[in-house]
Amino acid sequence: TGSVPVPGGELTADNAASVLLSDVYWQIDDQEAQDGFFAITAAAVFGAGTDGTGEPVQMIGALATAADERRLLVWSAREDEQAELHGTVLSGAFDDSAPSASALGVFFNDGTSAKMQYYLRTDVSHLDTACVDQVRYDTLEVTLTSAAPQDAADEFPPDVTGVGNTGVPAGSVRTNVYFYGGVGGEVRSVLRDGTPVDSTAHTDGSRPVRVFTTELAPEQSVTFEVQLSQPDRGESVEVWSTPTVGEGGNRAT
């Protein structure tokens, strides 16, 4: 669309992420004023995208990229439309039938109740797959790193670090990490920085799920190595994840 005028300046392809996910909390300390900025900005961006501004071919390409990275999701209250969406890249569904029975998931849920996730860096890697006696074994490596500076607790505003009512130290970032296995599979083992760790086994439909909570101080990191098993269906390896500032949501195939 080109740049979009917003209160106090303009949004561009280069600054949109930093302005909307970080800068606004530094520059506006009143939450009602923040909400007002977001309302005006959302209307301006949507208007620029629907009134023919800019280059429509490039717009379609950008939307396709956003959808592939799981940043653009669509749901419809009309049952016939929703049935068409289910199972597509736009639906975001991760259940027994979509995206495939063999797909694996690594999802991140903020536990800080603040705006520190902007400084969270994630790396999801598929290390290995082996098929033995009609069972497929996958190994994933997941690293989370806080890119916040050491003085974040003292220098960041309270709107960014949080007010401390969740028990997370100022400047730290807490994340709940969900590991999803294939349908009918098992999360066999989890190493955290090389040390075996355990958690309560859960299920979501027919998928096994394990949840681990991390709390990272500024510049700290943690690495999980996860081994999962499932029936060998002859399908390719597909790993879905939560999109973050630096990584899309389709991490490995």
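Visitor: What volume does the second largest pocket have?

Guide: Happy to start there: this is a predicted model, in which local features need pLDDT of at least 70, side-chain atom pairs count only at pLDDT 80 or more, and totals for chains, interfaces and linings use all residues. Residues are numbered from 1 along each chain as its sequence is written, and side-chain values use heavy atoms, leaving out hydrogens and water. A pocket is an open set of points on a 1 Å grid over the protein atoms alone where a 1.4 Å probe fits, with protein on both sides within 12 Å along at least five of seven lines. Taking volume as the space filled by probe spheres set on points joined across faces, edges and corners, the second largest pocket has about 320 Å³.

Visitor: Which residues lie nearest the centre of the second largest pocket?

Guide: Its lining (residues with an atom within 4 Å of a point) has 16 residues. Helix α1 and strand β3 each give two or more of them; helices (H or I, at least four residues) and strands (E, at least two) are DSSP runs numbered from the N terminus. Nearest the centre of this pocket are Leu 21, Gln 117, Tyr 118, Pro 243 and Val 245.

Visitor: And which helix supplies the largest share of the lining of the largest pocket?

Guide: The largest pocket holds about 1,100 Å³, and 21 residues line it. α1, α2 and α3 (56-68) each supply at least two residues. With five residues, the largest share comes from α3.

Visitor: Which residue in β10 is the bridge partner of Tyr 180?

Guide: β10 and β6 run antiparallel. Within β10, the partner of Tyr 180 is Val 209.

Visitor: Which strands stand at the edges of the open five-stranded sheet, and why is one side of each left without a neighbour?

Guide: The sheet has the order β4-β5-β11-β7-β8, with antiparallel pairing. Each edge strand has a single partner strand, so one side of each lacks a neighbour in the sheet. Those edge strands are β4 (120-132) and β8 (195-196).

Visitor: How many bridges pair β5 with β11?

Guide: Strands β5 (135-146) and β11 (221-231) pair in the antiparallel sense. Glu 141, for instance, has Glu 225 in β11 as its bridge partner. The number of bridges between β5 and β11 is eleven.

Definitions and conventions. Pairing = 2+ DSSP bridges.
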